[in-house]
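Open the model in your viewer and keep the selection panel at hand. The tour below goes stop by stop, with what to select and what is there.

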Amino acid sequence: KASKLQYYNNPMWPGETHSLKVDKILYQGKSPYQEVLIFESLTYGKVLVLDGIVQLTDKDECAYQEMITHLPLCSIPSPKKVLVIGGGDGGVLREIARHGSVESIDICEIDQLVIDVCKDFFPDLSVGFEDPRVRLHVGDAVEFLRNSPEGTYDAIIVDSSDPIGPAQELVEKPFFETIARALRPGGVLCNQAESMWLHTHLIQDMLSICCETFKGSVHYAWASVPTYPSGAIGFLLCAKEGRPVNFLAPINPIEKIEGAMTAGRDIRFYNTEMHRAAFVLPTFAKRELEAY
Ligand SMILES: NCCCN[C@H]1CC[C@H](N)CC1
C-alpha cells in the first residue's frame with residue numbers, strides 16, 4: 001500500500017512538505033542519533049531519509065555529491081589530503097576518488113548505522129569506501145578535528161544533514177575555527193549550505209563566521225537537487241588565507257577527473273561550465289548573500 005511521507009512541521013521548511021510516493025519500504029531503523037528509513041520510490045529510485053528528511057535519492061544524488069566534491073577539488077592545484085565530515089553514505093568518497101592527485105581521504109561520520117545500511121542498499125554510493133586511500137573514523141567531528149594536527153588538509157568537505165539534531169554544532173563558530181586550523185594555508189572548505197530560497201538567515205550567519213575565520217575568499221554556490229526542499233541546495237566555498245584561490249575559475253579541467261571511472265560510474269552532473277555557473281546568483285540572493 002503506497003503511503004505518503006508527510007512532514008509539515010520541520011522548522012527548516014515550516015508549512016511546507018515534500019512527499020514522494022512510497023512503492024516499498026526497504027529498511028526502517030533507529031540509531032542513537034536518528035531514525036533511518038530507506039524506501040523504493042516511483043520515479044527517483046531508492047531514497048534515504050534521516051529523521052523524516054530526504055538525504056539522497058538514486059536519481060539526483062549525483063548533483064549534490066559531484067558539486068560538493070568537485071567545486072573545492074577542482075579549485076586548487078593537485079589536492080593530496082582530503083577530509084570528509086559526515087558523508088556516511090559514501091557518495092562524496094566515490095567522487096573524491098576520481099582525483100588522481102589525492103593520496104589520503106579521511107572521513108569522520110558519527111553514525112555507524114548510516115554506513116551499514118548504505119553498504120546494503122546503496123552500493124553505487126558506498127563503493128566510495130572501497131578506495132584504498134579511505135580511512136574511516138566513526139565519531140564526533142569536533143573531537144576528530146581537535147585531535148588533527150594543524151595544517152593537515154588541502155580540502156575539507158562538510159557533507160552534513162540539516163542543523164537540527166546531530167548536525168546542529170556543525171554550523172557554529174567553534175567548529176569552523178577547528179576546520180580552519182586543520183587546513184593548510186590556502187586550503188579549502190566546501191560546506192553544505194542549505195537553500196537560498198528558505199534559509200537566508202542561516203546562510204548569512206555562516207557567511208559572516210566564515211569570512212572572519214578563513215580570511216581568504218568565501219563564496220556561495222548552488223545546484224538544482226529536485227528532492228531537496230525548494231529544489232536547490234547551496235555550497236559555501238571558503239579558502240584559508242595563505243595562497244590565492246579563485247573558486248570561480250576552476251584550474252583542474254574536468255578531463256583530469258572524467259577519465260577516472262570510479263567504480264564504473266560516469267560523472268552525470270558536474271562540468272566546468274556548471275562549476276562557473278554555480279556561483280552565479282539570482283538578484284535576491286546577490287543582495288542577501290554577496291554583501292560579505
Ligand atoms: N550525503 C547526503 C547528505 C545530504 N545533505 C543534506 C540532506 C538534507 C538537506 N535538507 C540538506 C543537505
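Start by selecting P250 together with C74, Y270, T272, H275 and R276: P250 is in contact with these residues, its neighbours within four places in sequence left aside. Contact here means heavy atoms within 4.5 Å.

Before going on, note that this is a predicted model, in which local features need pLDDT of at least 70 and side-chain atom pairs count only at pLDDT 80 or more, while totals for chains, interfaces and linings use all residues. Residues are numbered from 1 along each chain as its sequence is written, and side-chain values use heavy atoms, with hydrogens and water left out.

Stay on P250, which is in the loop between β11 (232–240) and α8 (255–258). Helices (H or I, at least four residues) and strands (E, at least two) are DSSP runs, numbered from the N terminus. Is P250 buried or exposed? P250 has a relative accessible area of 14%, so it is buried; the cut-offs are under 20% for buried, over 50% for exposed and partly exposed in between, with a 1.4 Å probe and protein chains only.

Next, select the ligand and the 14 residues around it, among which D89, D159, S160, D162 and Y228 come nearest. A residue counts as near if one of its heavy atoms lies within 4 Å of the molecule.

Colour β4 (53–57) and α1 (61–73), each of which supplies at least two residues of the shell around the ligand. β4 gives the most, with three residues.

Move to helix α3 (residues 112–121), and show its buried residues L113, V114, I115, V117 and C118. Their cover includes β1 (22–30), β2 (35–41) and β3 (46–50). At the start of α3, a side-chain oxygen of D111 comes within 3.0 Å of the backbone nitrogen of L113.

Finish at helix α6 (residues 173–182), where the buried residues are F175, F176, T178, I179, A180 and A182. Among the elements covering them are β5 (81–86), α7 (200–214) and β11.

Definitions and conventions:
Polar contact = N/O pair within 3.5 Å; in protein donor to acceptor, adjacent residues only side chain to side chain.
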